[in-house]
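Morning, everyone. Let me put the model on the screen, and then we'll walk through it.

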Amino acid sequence: MAKTMKAAVYRAVDDVRTETIAVPEIGPGEVLMRIDTCGICGTDLKKIHTGSHTAPRVFGHEMAGTVEAVADDVKGFKRGDRVMAFHHIPCGECFYCRKQTFAQCERYKKVGTTAGLGEPAGGGFAEYIRVMDWIVGDGVTPAGLIHIPDDIPLEQAAFIEPVNTCYKAVKLLALEPDDTVLVIGQGSIGIILAALAAQTGATVLTSDMYQERHAIAAQFGLKHPLDARGDVVAACKTQTEGRGADVALVAVGSDKLVETAMAAVRPGGRVMLFASTQHGTAPFDPAAVCMDEKTLMGSYSASVAVQQEAIDLVFEGYRSGKMDLTKLISHRFPLEDASEAIRVASNPVADSMKIVLKP
């Protein structure tokens with residue numbers, strides 16, 4: 001096989017270049033994976049734009065592809081297998097794992113997939129990645145390298161990791177059929193959150209400023225759009241006999257929307273922050289938490305506790321047509337145009353949803 005490959009290399013703040021680099025070498029227990037599709041995630045963009053991580057490195061973690069090579073001791077995988085890879089897998093034994101707060105596990109925080117240049121950072125913005133041994137697993141205990149059935153497009157499989165993160169948040173909320181849920185933001189993640197919330201039987205209100213996004217959301221059975229350019233809080237109360245929503249899910253990384261979400265939920269309601277991954281400050285009324293008994297909570301990253309359920313949702317959602325997530329892909333770019341892909345993803349407009357790279 002080739003010794004070199006194309007990769008979108010992060011060199012400095014707002015500087016990602018398509019370069020030729022070495023194909024990573026695998027060691028014992030590891031797999032070399034050929035990337036077919038890698039989505040551009042908001043966390044990738046945050047790292048690129050803020051300089052929070054050292055350069056050089058190759059980002060990208062919403063990925064699916066095929067096995068190119070396996071170490072001699074790898075069980076359960078062979079060349080040609082269709083797979084997706086999680087880039088984080090917890091140890092399963094530490095304090096945080098015992099409490100099922102897996103994203104706080106020290107091993108979980110280590111990235112287990114890499115394009116081989118610089119510190120491991122996912123690597124999906126490249127032709128090949130090295131999948132490390134604790135992600136591959138032992139062939140017996142489920143780990144982070146997942147077989148993809150032949151009838152599931154690899155573009156659909158690339159959504160397994162983001163669907164897991166969304167499903168984790170929805171499960172934490174323990175929604176009931178008589179709940180009203182407000183989902184703020186109808187980008188690809190907001191639509192996934194809303195669609196999963198709707199599967200519980202809850203009434204889901206979706207807020208976005210773009211009517212084009214509401215039209216896409218409607219394809220996922222979301223029938224209660226709210227115009228974010230108007231008074232979303234008043235609209236929530238109108239649809240809930242003046243109370244407000246039972247739950248608000250904030251799928252946009254905007255601190256000012258915390259206050260909106262808190263105002264939109266009823267006394268005793270809950271606000272879930274899903275996209276607030278940058279440190280900052282957000283105003284809200286502390287008496288709303290104390291006297292109105294509102295809960296402000298968060299959910300971050302994936303959970304192995306719901307891994308198989310989320311995988312089944314992606315597979316069966318495609319087969320039934322209820323969650324054909326390939327409909328969320330608005331732009332596909334080759335690696336040669338990675339910088340343009342990042343520009344488009346960083347400047348969302350009405351007709352841009354999930355942006356993917358196709359190495």
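Which residues line the largest cavity? Thr37, Gly39, Glu62, Glu155, Ala158, Phe159, Lys354 and Val356 do. Before I go on, the ground rules. This is a predicted model: local features need pLDDT of at least 70, side-chain atom pairs count only at pLDDT 80 or more, and totals for chains, interfaces and linings use all residues. Residues are numbered from 1 along each chain as its sequence is written, and side-chain values use heavy atoms, with hydrogens and water left out.

Back to the cavity. Rolling a probe the size of a water molecule over the atoms shows where empty space is left. Here the search runs on a 1 Å grid over the protein atoms alone. A cavity is a set of points where a 1.4 Å probe fits but cannot get out. A pocket is an open set with protein on both sides within 12 Å along at least five of seven lines. Lining residues have an atom within 4 Å of a point. Grid points are joined across faces, edges and corners, and the volume is the space filled by probe spheres set on the points.

By that rule there is 1 cavity of 30 Å³ or more. The largest cavity holds about 30 Å³ of space. Strands β3 (31–39) and β16 (354–357) are the elements that give its lining two or more residues. Helices and strands here are DSSP runs, numbered from the N terminus: H or I with at least four residues for helices, E with at least two for strands. By type, the cavity lining splits into 3 nonpolar, 2 polar and 3 charged residues. Nonpolar means Ala, Val, Leu, Ile, Met, Phe, Trp, Tyr, Cys and Pro; charged means Asp, Glu, Lys and Arg; the others, Gly among them, are polar.

Next, the second largest pocket. Its space comes to about 540 Å³. The lining has 26 residues, and Gly137, Thr141, Pro142, Ala143 and Gln307 are the closest to the centre. Elements giving two or more residues are α4 (133–136), β8 (145–147) and α12 (307–320). The largest share, 4 residues, comes from α12. The lining divides into 14 nonpolar, 8 polar and 4 charged residues.

Stay on α12. Alanine 310 lies in that helix. Is alanine 310 buried or exposed? Buried, because its relative accessible area is 0%. The cut-offs: buried is under 20% relative accessible area, exposed is over 50%, and partly exposed is in between, with a 1.4 Å probe and protein chains only.

Helix α7 (residues 188–198) is another one to look at. It has 9 of its 11 residues buried, so the helix is largely enclosed by the rest of the structure. Among those buried residues are Ile191, Ile192, Leu193 and Leu196.

Now salt bridges. We count a side-chain nitrogen of Lys or Arg within 4 Å of a carboxyl oxygen of Asp or Glu. How many salt bridges does the structure hold? There are 18.

One of them brings us back to α12. Arginine 319 meets aspartate 151 at 2.7 Å, N to O. This pair links distant parts of the chain, 168 residues apart: arginine 319 is in α12, and aspartate 151 is in the loop between β8 and α5 (154–157). Arginine 319 is partly exposed at 40%, and aspartate 151 is partly exposed at 41%.

Next pair: aspartate 246 and arginine 266, 2.5 Å, N to O. Aspartate 246 sits in strand β12 (residues 245–250) and arginine 266 in strand β13 (residues 265–273), 20 residues apart. Aspartate 246 is buried at 10%. Arginine 266 is partly exposed at 24%.

Arginine 343 is partly exposed at 44%, and glutamate 340 is partly exposed at 31%. Elsewhere, shared partners join Asp36, Glu155, Arg332 and Lys358 into one salt-bridge network. Glu155 also lines the largest cavity.

Last stop, the surface. Leucine 296 lies in strand β14 (residues 295–298). It is partly exposed, with a relative accessible area of 33%. That's where I'll stop.
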